[in-house]
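Q: Hi! I've got a protein model open and I'd like to walk through it with you. Can we start with how some of the helices meet?

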Amino acid sequence: MTQTSHDRLLIIDFGSQVTQLIARRLRELNVYCEIHPFQNVTDAFLAEFSPKAVILSGGPASVIDEGSPRPPESVFTFGVPVLGICYGQQVMMHMLGGKVESGHGTAEFGRAYVTPTETRLPLLEGWFAEDKEQVWMSHGDHVSAIAPGFEVFGTSPNAPYAVTADVARNFYAVQFHPEVHHTPNGAKLYENFIQAAGFTGDWTMGLYREQAIEAIREQVGDKQVICGLSGGVDSSVAARLIHEAIGEQLTCVFVDHGLLRKGESDEVVAMFRDNYNMKLIHADEQELFLGQLEGQSDPETKRKIIGKLFIDVFQKYANEIDGAEFLAQGTLYPDVIESVSFSGGPSVTIKSHHNVGGLPEKMGLKLVEPLRELFKDEVRALGRELGLPASFIGRHPFPGPGLAIRCPGEITREKLDILREADAIYIDQIRKHGLYDEIWQAFVVILPVRTVGVMGDSRTYDFACALRAVTSVDGMTADYYPFSHEFLGETATRIINEVKGINRCTYDITSKPPGTIEWE
Ligand code: XMP
């Protein structure tokens, strides 16, 4: 549970695909909330968590089925406002004495319009632009009788109980999903709900910073902490925050595996060592990594080698730090949320991700994870609060195995050097055209193929490269970025003219799925 103290809202998760979005909408309103799977929410849990309000999420189950998920009864006697969404609405009605049915013609998926009743509900205040409002429905069952004490405040053609409430008890229930993009005014409904619940909007990054610093000091005492710094946003913000809390007790280890971008290693060292005066070990292990990768062309083998070496190297340097008892990690809230799985079974490994997981047990270290409660955009806000430069905070994600996975097939120093030059030009072009912040990630891939070209009067036989640029919200799905032909032409010309070793450029227009963002 959380390390810091704020007004807290509890989201009980019944397995909806969009539960995380509820949390994000609330965080945007400066409300601290946590998502917990329904199985974990017992009477004791509720008492300890002590929420100021509860939201029951949607989910794929049917309340009519035996053994379907339920919140504890005490949610309704705890004395705080409750909002049920979709399955949450149905479970609420079912438990409080209403009726839910399934059957022909009751399912509704997609856009619908809710019309308010004559009596207006404070929850809907300021919500209806006109006499009806667009919402997103996604339900199989429907409520056929509302529970005693409830009244109807909004209807849609297929959902006569689209919005209901027991105003006296502060219980609200909606059939649609106010958290999704397709309910354009949904945030207003959350805003009204948290206002009704008396939240003061005390979740700000300024306050979080102060409280997190206190919590780190308390946890660490006078012991030493080590932190793997990759130069990415998460580890950088974590390091800055911990450094503010405990200064000299923190040592960062920056592993240079020889697979970084042009100038990257100098930038990171200059920023943290020179600018912030942090204790920083710059582990130059290029020879080791590139040596072991020599002759390897299978993507998973390459990833495994890098992952293992990374842990070995980190451990070697960490062992040199006297009295280190803690390992700092930039774990974020989405990694912490236990999602409710109804399908069961492990998911297929598409790529083995490289991180320092497993290290703490191996080394007998305790974890310091000051970003565990934050979403990515909150981490960025905290980074700004801590004074990290905007250009640094807005950087595109860069994978742990670095350029290794942008160099399909065998990795050679020659290819890496060519790739670094081409990538620097591509990013320069994107920045010059003011497109950097519109793009989730952009990079060059050097292809394991040489092609014939002609430059001046001579024949060339050089590498081909692919440019990749995608838009995405979370890296889980992605679309290729629609550059103009002028931009692509100008960039290809620059790369081919300025980078010795490349004579052909292609643009990758694969979305994810079916492709992945990286090539390996
Ligand atoms: P894919 O290629 O799977 O990538 O579509 C999704 C996102 O994850 C990043 N990525 C990684 N990040 N370690 C990381 O820290 C890794 O091993 C790794 N592999 C891919 C990728 O850059 C994209 O942002």
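Q: Which residues of α5 meet α12?
A: On the α5 side they are M205, G206, Y208 and R209, and in α12 their partners are E378, A381, L382 and E385. Keep in mind that this is a predicted model.

Q: What kinds of residues are those, by class?
A: The contact of α5 with α12 has 4 nonpolar residues, 1 polar one and 3 charged ones.

Q: And at what angle do α5 and α12 cross?
A: At roughly 80 degrees, with their axes coming within 9 Å. Angles of 65 to 115 degrees count as roughly perpendicular, so that is how α5 and α12 sit relative to each other.

Q: What lines the largest cavity?
A: Its lining is made of Q89, H139, H142, V143, A159, P160, Y161 and Q175. Strand β10 (159-166) gives the most, with 3 residues, and β8 (142-145) is also among the elements supplying at least two.

Q: How does that lining divide by class?
A: The lining of the largest cavity has 4 nonpolar and 4 polar residues, with no charged ones.

Q: Okay, now pockets. How much space lies in the second largest pocket?
A: About 390 Å³. The second largest pocket has 19 lining residues, and R261, E267, R395, I427 and R431 are the ones nearest its centre.

Q: Which elements give two or more residues to that lining?
A: For the second largest pocket, they are α7 (264-275), α13 (390-393), α14 (413-432) and β17 (441-455). The largest share comes from α14, with 5 residues.

Q: Last one: what about the classes in that pocket?
A: The lining of the second largest pocket has 9 charged, 7 nonpolar and 3 polar residues.

Key:
Residues numbered from 1 in each chain as written. Predicted model: local features only at pLDDT ≥ 70, side-chain atom pairs only at ≥ 80, totals over all residues. Heavy atoms only, no water. 1 Å grid on protein atoms, 1.4 Å probe; cavity = no way out; pocket = protein on both sides within 12 Å on 5 of 7 lines; lining within 4 Å. Points joined across faces, edges and corners; volume = space filled by probe spheres on them. Helix = DSSP H or I, 4+ residues; strand = E, 2+ residues; numbered from the N terminus. Nonpolar A, V, L, I, M, F, W, Y, C, P; charged D, E, K, R; others polar. Axes fitted to C-alpha atoms, helices over the stretch in contact; angles between N-to-C directions. Parallel < 35°, antiparallel > 145°, perpendicular 65-115°, else oblique. Contact = heavy atoms within 4.5 Å.
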